[in-house]
Amino acid sequence: QAILAAGSNLAFTPHTHAPETMAGEKAVAAKPKAKTTKKSVRKTPTRLYSKGTILGYKRSKSNCYATCTLVKIDGVQTKEDAQWYFGKRIAYVYRAKKEVKGTKFRVMWGKVRRAHGSSGVVRTKWHKNIPPRAFGAQCRIMMYPSTI
């Protein structure tokens, strides 16, 4: 039965259940889908390296050894902590003026060799010697090659 509302052209029908189709299932009426804004869940990128600071060349009072660079790794306080990083790859990422292969970023690669003292500083050897302008800059100690 249609009931006409007083003073309006809207017709209301009493609520009826959808007819049963199969055992216990109800027929689903096709409803127009409302616009739903799906929030994209943005995960923060995972850092796959440890941070370090390039301190300078290994040296004595009068001699300077440019082939060996000292690096302080964040979170490493003892010689025993530093032992896990021995043999790991190390990268110094810097920005140059001239664009090469579509990017201004360049990378210098090296390797962690051994500890330097007992405070967690390590000695590193690079494929090309680190320039002095990199002293105090950040570097990345990669988690490979792994011995686990």
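This is a predicted model: local features need pLDDT of at least 70, side-chain atom pairs count only at pLDDT 80 or more; totals for chains, interfaces and linings use all residues.

Visitor: What makes up the chain, and in which order do its elements run?

Guide: The chain has 1 helix and 8 strands, and from the N terminus on the elements follow the order β-β-β-β-α-β-β-β-β. Of the 148 residues in the chain, 23% are buried.

Visitor: Why is Met 143 called partly exposed?

Guide: Its relative accessible area is 30%, and because buried means under 20% and exposed over 50%, a value in between is called partly exposed. Met 143 lies in the segment after β8, and together with Trp 84 and Ile 148 it forms a nonpolar patch on the surface, with about 340 Å² of accessible area together.

Visitor: Which residues have the most contacts inside the largest nonpolar core?

Guide: That core has 16 residues, and those with the most contacts inside it are Ile 54, Val 71, Ile 73, Tyr 92, Ile 130 and Ile 141. At least two residues of this core come from each of β4 (64–73), β5 (89–100), β6 (103–115), β7 (121–126) and β8 (138–142).

Visitor: What makes Ile 54 and Tyr 92 contacts of Ile 130?

Guide: Contact means heavy atoms within 4.5 Å, and, leaving aside neighbours within four places in sequence, Ile 130 is in contact with Ile 54, Tyr 57, Thr 69, Tyr 92, Met 108 and Phe 135. For the chain, among contacts between residues at least 6 apart in sequence, 54% join residues at least 24 apart.

Conventions
Residues are numbered from 1 along each chain as its sequence is written. Side-chain values use heavy atoms; hydrogens and water are left out. A nonpolar core is a set of buried Ala, Val, Leu, Ile, Met, Phe, Trp, Tyr and Cys residues joined through side-chain atoms within 4.5 Å. Buried means under 20% relative accessible area, exposed over 50%, partly exposed in between (1.4 Å probe, protein chains only). Helices (H or I, at least four residues) and strands (E, at least two) are DSSP runs, numbered from the N terminus. Patches are made of residues with over 30% relative accessible area and no salt bridge: like charges are joined within 9 Å, nonpolar side chains (Val, Leu, Ile, Met, Phe, Trp, Tyr) within 5 Å. Accessible areas come from the Shrake-Rupley method with a 1.4 Å probe; for residues, only the protein chains shown count as cover. A salt bridge is a side-chain nitrogen of Lys or Arg within 4 Å of a carboxyl oxygen of Asp or Glu.
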